[in-house]
Amino acid sequence: TRAATLSQLQARVSELPPEAARFLEQFASTIEGLTSPAATAAQLVLAPLLSLISIYLVAGAVHLVLMLFKGAKRGFDATLTVVAYASGLYLVMAVPQCGGLIAMVWYLAVLIIGLGEAHRCGPGKAALAVFSPVILLCLCCCGVAGVAGAGAWSAFQQAAQAVKSTPVP
């Protein structure tokens, strides 16, 4: 796949304007670096460690939210077990095209059902625990974007005022 993709990109370079060709060449060299045998070996070595870290982080966030909403009837071990078992569903991502979407939806469903059963808190609190961190992250991003947009608008207005107040020669 790597060789076919790189040959397709190299074949298209001659058909493009110079600036687009330069961009495509940089893109091809990035793909070549990210798919090199050394990068693939590094991914194979780091993937289990990164998966373990992400399972613990997700379990920690979900258990914290469960505790906030008084839904954690059992300990962190129960939450960690549910998250770990649900994470195994990401193997479905190997299915081309729609595997990622299927894995994500199935993961969320199993996580909500599993947490509800493991903690005996019901699917409502479990769903709240699963979706609250994501909703909070989205709200924070929207807040940052709003503040940045307001700052940009203010700078734009100040620049427009400066242009209006500058005398025309």
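1. From the N terminus on, the elements of the protein run α-α-α-α-α-α. That is 6 helices and 0 strands. Both kinds of element are DSSP runs numbered from the N terminus (helices H or I, at least four residues; strands E, at least two).

2. This is a predicted model: local features need pLDDT of at least 70, side-chain atom pairs count only at pLDDT 80 or more, and totals for chains, interfaces and linings use all residues. Residues are numbered from 1 along each chain as its sequence is written, and side-chain values use heavy atoms, with hydrogens and water left out.

3. The radius of gyration of the protein is 24 Å, whereas a compact globule of 169 residues would have one near 15 Å. The radius is taken over C-alpha atoms, and the globule rule is 2.2 Å times the number of residues to the power 0.38. Along the principal axes, the C-alpha atoms fill a box of roughly 75 × 55 × 25 Å.

4. Buried residues (under 20% relative accessible area, 1.4 Å probe, protein chains only) make up 24% of the 169 residues.

5. Helix α5 (residues 99-118) and helix α6 (residues 122-165) have axes that come within 8 Å and cross at roughly 125°. That makes α5 oblique to α6. Oblique covers angles left over once under 35 degrees (roughly parallel), over 145 (roughly antiparallel) and 65 to 115 (roughly perpendicular) are taken out.

6. Which residues of α5 meet α6? They are Leu-108, Leu-111, Ile-112, Leu-115 and Gly-116. Their partners in α6 are Gly-122, Pro-123, Ala-126, Ala-127, Val-130 and Phe-131. Contact means heavy atoms within 4.5 Å.

Conventions. Axes fitted to C-alpha atoms, helices over the stretch in contact; angles between N-to-C directions. Buried < 20%, exposed > 50% of the residue type's maximum accessible area, 1.4 Å probe, protein only.
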